[in-house]
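Thanks for coming. I have one structure to take you through today, and I will keep it short. Please look at the sequence and the model as I talk.

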Amino acid sequence: MSWSKIFAVTAMFMFVFGIATIDCALAGEKQKLKSHGTTYTTKSELVEVGDDEGHVIGVYENKGIAFNEITGTRMVDQGRGIIDINTKTGRGFIRGYGITTDKDGDKMIRAYEGKPVAKGKSKGDWNYVKGTGKYEGIKGGGTWSSYGLTPKQSYWEAEGEVEMPTK
């Protein structure tokens with residue numbers, strides 16, 4: 001697996017991304033979430049570890065768009081994370097944070113982690129860690145999958161549950 005493909009896959013994670021908000025959820029009510037989107041790696045740097053051939057660590061940043069399949073809402077998404085992977089074996093992990101911003105500038109911040117499961121594909125879990133504005137107090141989490149499209153572009157899908165804050 002090439003380094004550029006690794007970053008494409010990690011970019012997907014960042015969707016992980018652009019998990020879109022459920023605007024129609026009532027405060028304190030749990031709602032299903034299903035979203036997808038694309039991300040593009042805007043910055044990345046890999047460094048060889050030197051212990052095993054192909055073992056690298058890296059940091060990345062990506063930007064993209066998220067689409068909520070339930071509500072039709074589109075939002076801007078960005079992600080930042082780290083990878084620790086062996087490019088020869090495909091084994092490793094990805095960890096990071098994604099920030100989804102709505103049209104009013106309010107943000108939902110999530111943590112995610114995962115691992116490669118096949119060439120160009122990764123899976124993992126995500127959960128909200130913070131919200132700003134109308135999302136302050138948001139809770140929830142779920143699973144994600146990402147698929148490398150080009151060396152710097154990925155497609156991702158996410159499912160889960162979200163509980164909007166009570167005000």
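This is a predicted model: local features need pLDDT of at least 70, side-chain atom pairs count only at pLDDT 80 or more; totals for chains, interfaces and linings use all residues.

**A walk around the barrel**

Residues are numbered from 1 along each chain as its sequence is written, and side-chain values use heavy atoms, with hydrogens and water left out.

Back to Trp-126, which sits in strand β6. A polar atom of the Trp-126 side chain lies 3.4 Å from the backbone oxygen of Thr-143. Trp-126 and Gly-98 are 28 residues apart in sequence, and their C-alpha atoms are 9.4 Å apart in space.

Now the overall picture. The protein has one helix and eight strands. Helices here are DSSP runs of H or I with at least four residues, strands are runs of E with at least two, and both are numbered from the N terminus. Starting at the N terminus, the order of elements is α-β-β-β-β-β-β-β-β. Of the 167 residues in the protein, 46% are buried.

How do the eight strands close into a barrel, and in which order? The order is β1-β2-β3-β4-β5-β6-β7-β8, and the pairing is antiparallel. On average, neighbouring strands of this sheet are turned by 25° against each other, direction ignored. That angle is taken between axes fitted as lines to C-alpha atoms, for helices over the stretch in contact, and angles run from 0 to 180 degrees between N-to-C directions. Two strands count as paired if DSSP finds at least two bridges between them. As background, strands of a sheet pair through backbone hydrogen bonds, either parallel or antiparallel.

Strand β1, residues 30–48, pairs with strand β2, residues 55–68, in the antiparallel sense over 13 bridges. Within that pairing, Ser-35 has Asn-68 of β2 as its bridge partner, and Lys-43 has Glu-61 of β2. The hairpin of β1 and β2 has six residues between the strands, and Gly-50 there takes a positive phi near 100°.

Next, β2 pairs with strand β3, residues 74–86, again in the antiparallel sense and over 13 bridges. Asn-62 stands opposite Gly-79 in β3. The hairpin of β2 and β3 has five residues between the strands, and Gly-72 in its turn has a positive phi of about 85°.

There is also a surface feature here. Val-47, Val-49 and Ile-57 form a nonpolar patch on the surface, with about 220 Å² of accessible area together. A patch is made of residues with over 30% relative accessible area and no salt bridge; like charges are joined within 9 Å, and nonpolar side chains (Val, Leu, Ile, Met, Phe, Trp, Tyr) within 5 Å. The areas come from the Shrake-Rupley method with a 1.4 Å probe, and for residues only the protein chains shown count as cover. Ile-57, in strand β2, is partly exposed at 38% relative accessible area.

On to charges. Side chains of opposite charge can pair when their charged atoms come close. The rule for a salt bridge is a side-chain nitrogen of Lys or Arg within 4 Å of a carboxyl oxygen of Asp or Glu. How many salt bridges does this rule give? The count is eight.

One of them joins Glu-159 and Lys-34, at 3.9 Å from N to O. This pair links distant parts of the chain, with Glu-159 in strand β8 (residues 153–163) and Lys-34 in strand β1, 125 residues apart. Glu-159 is partly exposed at 44%, and Lys-34 is partly exposed at 36%.

Another joins Glu-61 and Arg-80, whose closest N and O atoms are 3.2 Å apart. Glu-61 is in strand β2 and Arg-80 in strand β3, so the pair ties together parts that are 19 residues apart in sequence. Is Glu-61 buried or exposed? Glu-61 is buried, with a relative accessible area of 14%, whereas Arg-80 is partly exposed at 39%.

The last one I will show is Lys-134 with Asp-106, at 2.7 Å between the closest N and O atoms. Lys-134 lies in the loop between β6 (121–131) and β7 (139–150), and Asp-106 in the loop between β4 (92–101) and β5 (107–118), so the pair ties together parts 28 residues apart in sequence. Asp-102, Asp-104, Asp-106 and Lys-134 are linked in a network of salt bridges.

Terms used. Buried means under 20% relative accessible area, exposed over 50%, partly exposed in between (1.4 Å probe, protein chains only). A polar contact is a pair of N or O atoms within 3.5 Å; within protein, one must be able to donate a hydrogen and the other to accept it, and residues adjacent in sequence count only if both atoms are side-chain atoms.
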